[in-house]
Amino acid sequence: MFENIRLSFQGIWSHKMRSFLTMLGIIIGIAAIIAIVSTIQGTNRQIEQNLIGSGNNTVDVQIYQGDYTYDFSYNPVPDGIPMITESVLKEITDLEEVEAASLYLSRQDYDGVYHKNTSLSGGHVMGIDSNYLSTCNLVIQRGRGFAEKDYKNSQKVALLDKNSASALFDGEDPIGKTIEIRQEPFVIVGIVTESEEFEPVINSIEDYYTYSQDESGKVYVPDAVWPIIYQYDEPQQLVVKATSTTDMTNAGKKSADILNGYVSVSDDTIRYKSEDLLEQAKEIQQLSQSTNNMLIWIAGISLIVGGIGVMNIMLVSVTERTSEIGLKKAIGARKSIILGQFLTEAAVLTSLGGLIGVAVGIVLAEVISRLSEMPVEISVPAAIIAVLFSMVIGIVFGLLPSYKAANLDPIEALRHE
């Protein structure tokens with residue numbers, strides 16, 4: 001085997017130009033496939049990050065009525081949805097897929113948050129428990145977070161994110177200043193930000209509406225003061241942090257199932273549901289999957305063309321080396337030896353083309369990324385499969401020339417000029 005490989009490289013090197021032209025179809029096909037797969041992988045990763053965020057892994061479990069979240073601004077609190085107790089919360093955090101969980105209340109308030117005459121139109125007011133910031137990977141950028149006394153004494157204090165701080169204070173330091181939420185005064189004690197900043201890539205108006213829902217900003221208050229602002233208690237929502245991105249779907253569904261086990265609403269359309277961002281990402285990815293598959297098939301055609309080129313050049317090689325084959329057979333070389341030598345040469349030729357094609361494909365993917373600003377992610381498994389496939393192409397298309405060489409009549413071969 002090793003001797004056959006050595007002879008293959010020797011033959012390739014002695015006919016460098018011919019070997020390169022023979023490999024060209026394989027190189028182009030493999031390079032195209034690697035570039036396409038890398039672009040697909042990069043785009044899919046970007047879609048996931050745009051929807052999910054950079055390693056956030058959090059899933060919101062909210063109260064829905066049918067296919068839409070239940071809006072407490074315009075609908076009464078439904079009977080039969082109890083408050084989530086510590087024991088129920090522990091039942092959720094004990095799930096294998098859940099790393100942490102937190103309770104919160106949320107309201108998108110279009111005209112209820114003011115600083116002097118400036119309104120936070122469309123901003124979200126969030127009533128959060130003491131675990132919310134750590135569960136959602138939020139950190140205090142300036143000031144302080146909520147203390148135990150803030151919850152115990154129902155203190156009217158608030159935290160702002162950078163968007164709400166910018167909208168309400170326009171560059172001023174908000175710490176210590178007062179805002180009004182539903183005409184109730186709240187003192188700003190801190191500014192929060194994500195522990196890992198992530199900016200989604202916006203390429204269209206659809207992307208804007210999908211990814212930019214929180215651009216108006218958020219105001220966080222202790223959940224204990226929620227009844228003061230909105231005048232009544234309401235069932236909490238839940239956010240769970242999954243142990244990994246792939247566990248997000250199961251973490252959300254299992255948490256919703258636990259909560260729905262305690263729900264006894266007469267309207268069976270009112271239920272807890274998880275916001276499955278991972279599933280949304282997969283649906284968006286699948287929209288272009290057929291086009292991507294078509295591109296890969298088109299690139300695969302060049303591999304077939306390259307394989308035909310290999311078969312052609314191997315037939316030429318058999319003709320050129322007829323005397324050599326006859327001499328080997330005359331001194332006792334078996335058919336299997338001749339067959340193995342030519343198959344090895346074909347496999348080495350196409351494998352070398354595959355390796356060069358992978359390198360060209362990686363460079364091509366990076367060039368496409370820089371020119372079009374599209375993300376790419378090099379797939380190591382795809383590169384390995386591409387090289388192995390190119391080797392298979394060599395074996396398949398080298399079989400006929402190898403079989404022809406192995407079955408040459410030694411006497412006729414020795415007479416060949």
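A helix here is a DSSP run of H or I with at least four residues, numbered from the N terminus. By that rule F342 has its place in helix α13, which covers residues 335-372. The model is predicted. The chain has 417 residues, and 45% of them count as buried. It contains 15 helices and 13 strands.

**Overall make-up**

- The chain exposes about 21900 Å², and carbon and sulfur atoms supply 57% of that area.
- Among contacts in the chain with a separation of 6 or more, 80% are between residues 24 or more positions apart.

- F342 is buried because its relative accessible area is 1%, and under 20% counts as buried.
- F342 and P401 are 59 residues apart in sequence, while their C-alpha atoms are 7.6 Å apart in space.

**Strands β1 and β13**

- Strand β1 spans residues 58-65 and runs antiparallel to β13, to which five bridges join it.
- Across this pairing, Y64 stands opposite R271 of β13.
- Strand β13, residues 270-274, has I270, Y272 and S274 on its covered face.
- The uncovered face of β13 holds R271 and K273.
- T58 belongs to strand β1.
- T58 has a relative accessible area of 13%, so it is buried, the limit being under 20%.
- Beyond its neighbours within four places in sequence, T58 is in contact with T135, C136, V239, V240, K241 and M248.

**Nonpolar cores**

- The largest nonpolar core consists of 26 residues.
- The residues with the most contacts inside this core are I63, I81, I92, L238, V240, L259 and Y272.
- At least two residues of this core come from each of β1, α3 (86-93), β3 (98-109), β12 (237-242), α9 (248-260) and β13.
- Helix α9 gives the largest share of this core, five residues.
- Another core lies apart from this one and has 20 residues, including V113, V125, I188 and Y230.
- V240, one of the residues with the most contacts inside the largest core, touches N57, T58, V59, I92, V98, A100, A101, A251 and S255, with residues up to four places away in sequence not counted.
- Y272 is also among the residues with the most contacts inside the largest core, and Y272 lies on the covered face of β13.

**Aromatic pairs and a charge over a ring**

- The structure holds five aromatic pairs.
- One of them joins W226 and Y230, whose ring centres are 4.7 Å apart.
- W226 and Y230 are both buried.
- R107 lies over the face of Y230, at 4.3 Å from the ring centre.
- Y104, Y132 and Y220 form a cluster linked by ring pairs.

Key
Residues numbered from 1 in each chain as written. Predicted model: local features only at pLDDT ≥ 70, side-chain atom pairs only at ≥ 80, totals over all residues. Heavy atoms only, no water. Phe/Tyr/Trp six-rings, centres within 6.5 Å; stacked < 30°, edge-to-face > 60°. Buried < 20%, exposed > 50% of the residue type's maximum accessible area, 1.4 Å probe, protein only. Lys NZ or Arg CZ within 6 Å of the ring centre and 35° of its normal. Contact = heavy atoms within 4.5 Å. Areas by Shrake-Rupley, 256 points an atom, 1.4 Å probe, with all protein chains shown as cover. Pairing = 2+ DSSP bridges. Core = buried A, V, L, I, M, F, W, Y, C linked by side-chain atoms within 4.5 Å.
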